Amino acid sequence: MPNPSVAERAPLPRWARFPLAIGAGVLMGLGLAPYDLWYLAFTGYVVAIWLFQAAPRGVFAVGTGWAVGLGYFGFSLGWIIEPFFVDPSTIWMAPFALVGMAGGLALFWALAFWIAAHAPRRPLLALVLAWTGAELARAYVFTGFPWGMVSYMWSSVAPIQLASLLGPHGLNLATLATAAMFAAAIPRGGLRLLPAVLGVTSLLVLFGVGLILTPPYQDLSGRPVVRLIQPNAPQHEKWDPLKIPMFFDRQLRLTAGPPKDDFTEPQLVVWPETSVPHLLHRAGDALGLITHAAGSAQVVVGIQRAQDGNYYNSLALMDGTGALRQVYDKHHLVPFGEYMPAEAVFRRWNILGLASRAEGGYSAGPGPELLDLGPLGKALPLICYEAVFPQDVYRTPERPDFLLQITNDAWFGEWSGPYQHLEQARVRAIEQGLPMLRAANTGVSAVIDGAGRVLTELPLGRAGYVDAYLPPPLRLTLYSQFGDFPVLLLMFLSVLGFIRAVRVNSD
């Protein structure tokens, strides 16, 4: 990769670096839903890497990387304050949560910029590799939080289809490498032709290969009919004792509603996360009413359950006779939202976050498992946050026929959070070449095909149901077979190369 020398780097006043870096991060955030302005986001990445070239010493590189991350995560995760407004007693935590989350995640990027600044040769190449490694670390360290990865800027255009080959982290690498070529083309003294040509070529390749990989629409005639239920229960009303019967009855009416748009009776009905207002062992009457409303259809509901003093955020599957066939317990929990890390320490200061139930929140289930839905095939259940993690989807014991997400996005408000969550669900479908059924309390509920296309949806903030054909699975993707291993191997070899280069340089 072209490497401008320090002498060629563009001069930049110290006072301008920090605001420019934050602004570049905000631009990058515009690539995520609901904005989907990939061209502005890509410009932001080019500016961020160009700013790195103008930061000749490690301390400035670290500050630049952290400021870019602060702008990006502070803007794109603005929805994170929404859960704290549900309970008046937690409102005071909202600004600390946003600043703490944005500043903490920005440290991953600051470390990447610091590593690149200390590379003995080819610092731009080092930055691309280190930034990719930082995004990998963000997906795994401390249970991981890969929300809003670099590659999601392509979610509305053709390059996102490369996730089926490279996965999100491989696409992160390709995206950052392309942006680095453009940044290398604009040092002090005018445009450099070779990196500019390489950058344009790389961008065209991303779009061209993405178009080639985009599968055609499938013929859905004769496929099973499914129904998604969206009760639209605002979070501040969802557990109000006076409102609970209203929302439950609404879901029963939606379940029993007539088929829409010339569809036949559904074979599967899906309710969203925590949609049954009783613990499982006390929900016999409620489950009977649901079964009666669903007729002969199988039903999936979100429900909480208790066992041996532990609470679980669960999904229950009932067959057409009302028999409880399978229960799945969510295994990838939200820190501070569903459980408290170091709970005893935080309790000392009466800080319980949003996980105030059962002395620290939910317990984790044993891990991914498949639901056997008979003629509909096998489904991989994902409860809310679990659809954010690529590694939770590809490490199942066998390939499912479709993905099934139930979620309560009422926590995310009505701004960007629900749309970003849907965006990431679409990427999971692309990575695996599998359709996804997505039932969300307040929206967006959707049927997604294996190419990540939303075939039908219920808009945010609307109660209702949607009937649709269940798409068949697409091809077995490269990413579904190898996961993140190729990128992890590349990162390992890069570290070895970096260590060797440092030793040779010191000799």
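## The second largest pocket

Helix H15 supplies the largest share of the lining of the second largest pocket, contributing eight residues. In this predicted model, the pocket has a volume of about 540 Å³, and of the 23 residues that line it, Ile115, Ala126, Leu129, Ser494 and Phe498 are the closest to its centre. Helix H4 (94–117), H5 and helix H15 (485–506) each provide at least two residues of this lining.

Sorted by class, the lining of the second largest pocket consists of 18 nonpolar, three polar and two charged residues.

## Overall architecture

The protein has 15 helices and twelve strands. Its radius of gyration is 24 Å, close to the 23 Å that the globule rule gives for 507 residues, and the protein is therefore as compact as a globular protein of that length. Taken along the principal axes, the box filled by the C-alpha atoms is roughly 75 × 55 × 35 Å.

Buried residues make up 57% of the 507 residues in the protein.

## Salt bridges

Side chains of opposite charge can pair when their charged atoms come close. A search of the whole structure finds eight salt bridges, including the pairs described here.

Within helix H5 (residues 123–140), Glu135 and Arg138 are three residues apart, and they are therefore separated by about one helical turn. These two residues form a salt bridge in which the closest N and O atoms are 2.7 Å apart. Glu135 counts as buried because its relative accessibility is 0%, and Arg138 likewise counts as buried, at 1% relative accessibility.

Arg305 is buried, with a relative accessible area of 14%, and Asp329 counts as buried at 7% relative accessibility.Another salt bridge joins Arg453 and Asp449, whose closest N and O atoms are 2.9 Å apart. Arg453 has a relative accessibility of 16% and so counts as buried, the cut-off for that class being under 20% relative accessible area, while Asp449 counts as buried at 1% relative accessibility.

Asn441 is placed in the loop between strand E9 (436–440) and strand E10 (445–448). Although this residue sits in a loop, Asn441 is buried, with a relative accessible area of 1%.

When its neighbours within four places in sequence are left aside, Asn441 is in contact with Gln230, Pro231, Asn232, Ala233, Lys238, Pro272, Thr407, Asn408 and Ala410.

Terms used
Residues are numbered from 1 along each chain as its sequence is written. This is a predicted model: local features need pLDDT of at least 70, side-chain atom pairs count only at pLDDT 80 or more; totals for chains, interfaces and linings use all residues. Side-chain values use heavy atoms; hydrogens and water are left out. Helices (H or I, at least four residues) and strands (E, at least two) are DSSP runs, numbered from the N terminus. Buried means under 20% relative accessible area, exposed over 50%, partly exposed in between (1.4 Å probe, protein chains only). Contact means heavy atoms within 4.5 Å. A salt bridge is a side-chain nitrogen of Lys or Arg within 4 Å of a carboxyl oxygen of Asp or Glu. On a 1 Å grid over the protein atoms alone, a cavity is a set of points where a 1.4 Å probe fits but cannot get out, and a pocket is an open set with protein on both sides within 12 Å along at least five of seven lines; lining residues have an atom within 4 Å of a point. Grid points are joined across faces, edges and corners, and a volume is the space filled by probe spheres set on the points. Ala, Val, Leu, Ile, Met, Phe, Trp, Tyr, Cys and Pro count as nonpolar, Asp, Glu, Lys and Arg as charged, and the others, Gly among them, as polar. The radius of gyration is taken over C-alpha atoms; the globule rule is 2.2 Å times the number of residues to the power 0.38.
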